[in-house]
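Student: Please take me slowly through one part of this predicted model, starting from the contact between its chains and ending with a close look at a single helix.

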Amino acid sequence: MAPVGARAGARAIAPLVPAVAAFSASFGVLARTAGLSGVASVVMSATTFAGSAQVAAVSILGAGGGVAAAVAAALLLNARYAAIGVSVGAHFRGGIVRRLVESQLIVDESWAVTVDRDGRIDRRALLGAGGTLWLAWVAGTAAGAFVSFGDPERLGLDGAFPALFLALLVPQLRSRLARLAAVCGGAIALALIPLVPAGVPVLAAAAACLIGWRRR
Amino acid sequence: MAAAVTAVWVAVVVIGLGTIALKGFGPVVLGGRSLPPAVARPLALLAPALLAALVVTQTLASGRHLVLDARLAGVGAAAVAIALRAPLVAVVLIAAVATAVVRLF
């Protein structure tokens, strides 16, 4: 059952908060070694609020890759949020400013724990989940940017995130069409990993949903 | 090598604004209006397609290289835990522990 209401959304995301806080702390550490001030990394987490894009941008800056390369990588990685935003856009209410602000709480995890099998979300649940994640993300970044921690890979956190997405994928696979979309999406991403920059494989996998164009 | 301070801030601001626009586009343009069924039907399949792609890339990709490393063990352990109907927090924890343990060897 997809969660309904802000509290249910926050509860649904709760199991993930320690991993997200640890991930954002490791982003803070990485950002510091790449030359970002603590303030810059916290500002980035508060406004960009997208883990993989932030890590990619900061690693490129740290390696001397230049601003244009960092911006391009981050925005490619985040382009999937335009697709997700369109799919849930109709659920948002109120004026333009309110919709724009609330939409910033869309991230992979907050969307994945609140989306139901028909691709619908409860707006309040998404905001509860996204708001909880945002607090953990910004607090974790601050901790990592100003305090020293161990290496997140030694804690196995890089294996925890694909596991989370797998756990969220399984309940989505009830219909034959959904299973087909998952297989196509996974295959597209796998085939593209060696061929295109990071971010593009996941974005291109969105095309797999076109198999639902005419069929019910 | 550390990046120059102004370059860092330019990147932080441009990436921030770009991401805000990407996330906001759908809710700002569509807020309160529903999509025609011809568009809504394919979009309902976005979740399985993107989640599968995230599993694949976060397990096997390292930049533009396909690699088999400890993450695969973590996801394998998670798959067993999911099949046994373990709660989400246990699945995530088992995956992290399995990844960390396999990485030790």
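Tutor: The contact takes 92 residues from chain A and 72 residues from chain B, where two residues are in contact if their C-beta atoms, placed from the backbone, lie within 7 Å. On the side of chain A that touches chain B, the largest share, 13 residues, comes from helix α10 (residues 157-169) of chain A, helices being DSSP runs of H or I with at least four residues, and strands runs of E with at least two, numbered from the N terminus. That side of chain A divides into 66 nonpolar, 18 polar and eight charged residues, counting Ala, Val, Leu, Ile, Met, Phe, Trp, Tyr, Cys and Pro as nonpolar, Asp, Glu, Lys and Arg as charged, and the others, Gly among them, as polar.

Residues are numbered from 1 along each chain as its sequence is written, and chains are lettered from A and ligands numbered from 1 in the order in which they are written. Because this is a predicted model, local features need pLDDT of at least 70 and side-chain atom pairs count only at pLDDT 80 or more, while totals for chains, interfaces and linings use all residues; pLDDT is the predictor's confidence in each residue, from 0 to 100.

Within chain A, an automatic or database assignment gives domain 1 (6-161) and domain 2 (173-216). Eight residues of domain 1 of chain A are in contact with eight residues of domain 2 of chain A, and on the domain 1 side α5(A) gives the most, with three residues. By class, that side has six nonpolar, no polar and two charged residues.

This brings us to α5(A) itself. The helix has twelve residues and reaches 16 Å from its first C-alpha to its last, close to the 16 Å expected, the expected span being 1.5 Å times one less than the number of residues. Its buried residues are A:V67, A:A70, A:V71, A:A73, A:A74, A:L75, A:L77 and A:N78; buried means that 20 or more other C-beta atoms lie within 10 Å of a residue's own, exposed that 12 or fewer do, and partly exposed covers the range in between, with C-beta atoms placed from the backbone. What covers these buried residues of α5(A) includes α4 (51-62) and α6 of chain A together with α1 (5-30) of chain B.

One residue shows how the two chains meet here: leaving aside neighbours within four places in sequence, A:A57 is in contact with A:A70, A:A73, A:A74, B:A11 and B:I15.
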